[in-house]
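Notebook open, structure loaded. I'm jotting down what I looked up, one spot at a time.

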Amino acid sequence: MLEAATMAIDNLLVPTRLMYLFIGVLMGLALGAIPGLGGLVGLAILLPFTFDMDSFEAFAIMIGLISVTSTSDTIPSVLFGVPGTSASQATILDGHPMAKKGEAGRAFGGAYMASLLGGLFGSLILALSIPVLRPIVLAFGSPEFFMLGLLGISMVAVLSGNAPVKGLIAGAIGLCVGMVGMDPQTGVLRWVFGQLYLWDGVPLVPVALGIFAIPEIVDLTIRGTRIADVPKERLQGVLIGIRDTFRNWFLVLRCGVVGVFVGAIPGLGASVVDWFAYGHAIQTEKGANETFGTGDVRGVLAPEAANNAKEGGALIPTIAFGVPGSASMALLLGAMTIQGLTPGSAMLTKDLAVTYTMIWSLAIANIFGTVACMLLTNTLAKIAMVRINLLTPLVVVIVVLASFQATRHWGDLWSLLFFSLLGWFMKRFSWPRPPLILGLVLSGIIENYLFISISRYGATWMLRPIVMIVMVLIAVSLYYGIRNARKQQELQKSREAQIEHEQSGGADEA
Amino acid sequence: MKLRANPGALFTVFVLLLMIGLVATAKQWQYQARLFPWTIGIPTMVLCFLQLGLDMFRGKDADEDVAGMMDLPVDRSVPVAVVVQRAINIFAWILGLYLSIWIIGFILSVPIFLLLYLGIQAGETWKVAVTYMVVMMVFMIGVFEMVLHIPWPPGLINGPQEFILGLVERYLSSLVPI
């Protein structure tokens, strides 16, 4: 195993691969700094460009991109009070007040260092988990992997919004889209509507771009203004922030653990990880109840350590079980399939060098990202203030060209348009989109596992102990997901009633 | 419970009809080919009916916004009529780009789209629009033609695209030492 890790670092330390990693980092930093875009859009755009790369280059650029969006997303959060990505919402609570007090530099110093330590911690846990996971994964057969696939989709479906039924349907739509094309077992053409283009299935690239990139840019254009328009302040005290991080090392470490844990659970991830860490810091830190929310640097360190550590956690189920915990991990899984890699036991045995390359990429990208952020904060802040009018045509053109890269067929462009409309309607009508991508990526794999399970074990595959445990887990996740959604809706209704009551009371008094 | 008007229900009906269509067409396939489509499709139809019921009786979508978990929030501050009008506008621009690609090919359509969008729709100065167009043209030829070697699909009127690609090819071959 140590040999594979050494071989992986040798593989990565080739100038062209390091260059790809660095390009990914720069793209990730720019996307993280632009509120409303983020790593997912970037990853979708990047996917077709990895076709001609070897697997080390492909994962260097992709992991470079996703590992640092959570580092640069601090910039708009602190300076403008607008989250760069959904993972930095909690950073605003103390980061923005710090900027107002003239301590933006201190907030950045702390956030970057906490992000770096969190990211390295995530990579370390991922590396350490491999020898532990290997015997477990090798003990799994097709029935277990089939059930794990369903578990991943159901968890993401019920947790990726307050509408679990919509989430489940979205996951099923993804699975159905994944079934289009020639059935590998029987040769039957499924839902191809006489189109030769669809014989090989709907390519992932136009679907991912249509579902995520176009709806985001459409919504940003609808909003119409520049993304962030508060003037930036002078940056001072970066070193004080770095010292703060080391002074609060135990908090950073604990939040790193929170980040890895939340990242590893399918369906949680980016948008909750910062809140979990922030909540943990409030509960455990001395005097937090009085100072948090007013510009306490610990309120910046906690979410920033956690949101960078989550990528290491999220890669664990993706690599080991082929169960991506989020949409960006689903795209990474898509890239693995494009590169001819099979997640699961192969990634922990014959392709172990690729797995370790991913871990090294994650660690090095975090170092690159932190250094670049320290040097480029002012430039990245200007990117965050770009006029949306300039961004829209550029993104549209890149998305159309990237989409055409999938199979270089007109069908790619029609798929892009269809899924753009579908994605936009889903967004407007509050349908969660990540389960659809997850369903699409996992469809072929899951169907194959189901086919093998039935042919080999008949109906008895359902009686295998791990299968039954996973069935229970699916039932529990569905139950808690639905219960949680109902609770949140009731809470929302009571809040609305309270606001209405207060407004009518105010009107009566007037 | 009373019935409420909800445009989101129309989307659910669309998904339901799609599912019914998918399950119905799978009927003619042999057992192995339709096993997975039915395993997924039939329960999904039931879920669609359930969602339709929720849409009809519970109303507003904002109650269950996906924001805050794994998706980006929807900005609901813009009036729906404006949202619809602007969305149609953007999708019309994208369709216009497609039409142009079909007629004159990618190479010319992309810079023309950038120039017109920035000049007309975005209200940028023509100086900005032209600079942007030139930079994008260089980027497109650099990345997609020189690095990725994309075989550009011919347009209905293919002469101009072929002329530009010919110029690029001649330029590139002049760079290679004999």
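Predicted model: local features only at pLDDT ≥ 70, side-chain atom pairs only at ≥ 80, totals over all residues.

I started with the exposed side of helix H1(A), where A:Leu2, A:Glu3 and A:Asp10 are exposed (over 50% relative accessible area; buried is under 20%, partly exposed in between, with a 1.4 Å probe and protein chains only). Residues are numbered from 1 along each chain as written, chains are lettered from A and ligands numbered from 1 in written order, and side-chain values use heavy atoms, without hydrogens and water.

Next I checked which residues of H1 (residues 2–12) of chain A are buried: A:Ala4, A:Ala5, A:Ala8, A:Ile9, A:Asn11 and A:Leu12. Down the axis of H1(A) they fall within an arc of 155°, so they line one face of the helix. That arc is taken from the directions from helix axis to C-beta atoms.

Then I looked at H3 (39–46) and H4 (55–72) of chain A, whose axes come within 9 Å and cross at roughly 170°. The two helices are therefore roughly antiparallel (angles over 145 degrees, on a 0 to 180 scale between N-to-C directions). Helices here are DSSP runs of H or I, at least four residues. By class, the H3(A)–H4(A) contact has six nonpolar, three polar and no charged residues.

Last stop was B:Gln30, in the loop between H1 (8–26) and H2 (31–58) of chain B. B:Gln30 is partly exposed at 44% relative accessible area. Leaving aside neighbours within four places in sequence, B:Gln30 is in contact (heavy atoms within 4.5 Å) with A:Thr186 and A:Val188.

Notes
Parallel < 35°, antiparallel > 145°, perpendicular 65-115°, else oblique. Nonpolar A, V, L, I, M, F, W, Y, C, P; charged D, E, K, R; others polar.
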